[in-house]
Amino acid sequence: MNAMPPTEAQDRPARLTVGVVGAGRVGPALAASLQLAGHRPVAVSGVSDASVRRAADLLPDVPLVTPAEVLARADLVLLTVPDDALADLVSGLAETGAVRPGQLLVHTSGRYGTAVLDPATRAGALPLALHPAMTFTGTSVDVQRLAGCSFGVTSPDELRMAAEALVIEMGGEPEWITESARPLYHAALAIGANHLVTLVAQSMELLHDAGVQAPDRMLGPLLGAALDNALRSGDAALTGPVARGDAGTVAAHIAELRRHAPQSVAGYVAMARTTADRALDHGLLKPELAEDLLDVLADSGDGPGPAPGTSGPGSGTSGTPGTPGTPGPDGEGRGPDPDAPGPDPDGPDAPDHGPEGGDR
């Protein structure tokens, strides 16, 4: 349910007809949320069986049509397609005359601001970038999760009030992101959400191999507390053998991983180096213990890398911080929809994203 209190009809902004291009995991959920606020979904496009099912579940009785027909029917169009497909989709819609002057065109990509919508803007569209920092399942639970969800918003100054109103109507909270900062913003969400899923899944596999019968129950309280502490205290929440400088324990970890899960060694070593660097900067790790720890990590066979606290790439103490690469189309929490086909000229379905930042 939308967390926003109901408003009288006369207090609401003008109600809009809503269309969705790309019935991945995000578009139908956003349209359903807008429907709760009084807007009217009128058209949706999607090409896979999974997309058709999602549209039918979340937007019952809304017709499935081509992307061009979606634009012909809707005042507000949600372009919820993968990042790498967005620019070509916008150009194609503009070149074919599908874009109408005064039409609100909203994309949900974390990577892009409004510049990617320039072809449509030149045709008279009103461009908005509204990226929900949430991971999506493609089910009705997503509508409930939008309550209190932050949206990364980029818009022209004259459309800020419209962007804010739409986000609030969906139960979200707008966070204004400049055009130039969008890739960094999206990389941050990908590190926090996408990589978290990888780490948790890997940890559960290793616990299962160690004989733990219910890895999820063991990890739940631990990871919940760690996340809460990290959000409250940042680096001060660091604990464990790396932050303490227990080089012998780290060496034992690496040896066990080599025997039982060699594919996880590189990730463990990389995260241990980063953790050591941050713990040293924060005064949790003593320099003399960091030296022994570095020796262990260097002997891991994955290359020594920069010493904790030195000026190597990404060091927190000196030198130039490493620049995160632009994430792929699955973004923060987004994974490709396993049922989605390859690129389609009508606009492909979007995978889930997250914090994605939100899934598409």
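Seven strands make up an open sheet here, and their order is β2-β1-β3-β4-β5-β6-β7, with mixed pairing. The edges are β2, residues 40-45, and β7, residues 173-176, each of which pairs on one side only. From one strand to the next, the twist averages 25°. Before I go on: this is a predicted model.

Now one end of that order. β6 covers residues 150-154, and it pairs with β7 in the parallel sense, over four bridges. If you want a specific pair to look at, take F151, whose bridge partner in β7 is P174.

Next, what packs on the sheet. Helix α8, residues 182-209, does, and the strands it touches are β4 (104-107), β5 (126-132) and β6. The direction of α8 makes about 20° with that of β5.

α12 is residues 265-281 and α13 is residues 287-298. They pack at an angle of about 170°, and their axes are 11 Å apart. How are α12 and α13 oriented, roughly parallel or roughly antiparallel? Angles over 145 degrees count as roughly antiparallel, so these two helices are roughly antiparallel to each other.

Which residues meet there? On the α12 side we have V269, A272, R273, A276 and L280. On the α13 side they are P287, A290, L293 and L297. Sorted by class, this contact has eight nonpolar residues, one charged residue and no polar ones. R273 in α12 is the charged one.

Technical notes. Residues numbered from 1 in each chain as written. Predicted model: local features only at pLDDT ≥ 70, side-chain atom pairs only at ≥ 80, totals over all residues. Heavy atoms only, no water. Pairing = 2+ DSSP bridges. Axes fitted to C-alpha atoms, helices over the stretch in contact; angles between N-to-C directions. Contact = heavy atoms within 4.5 Å. Parallel < 35°, antiparallel > 145°, perpendicular 65-115°, else oblique.
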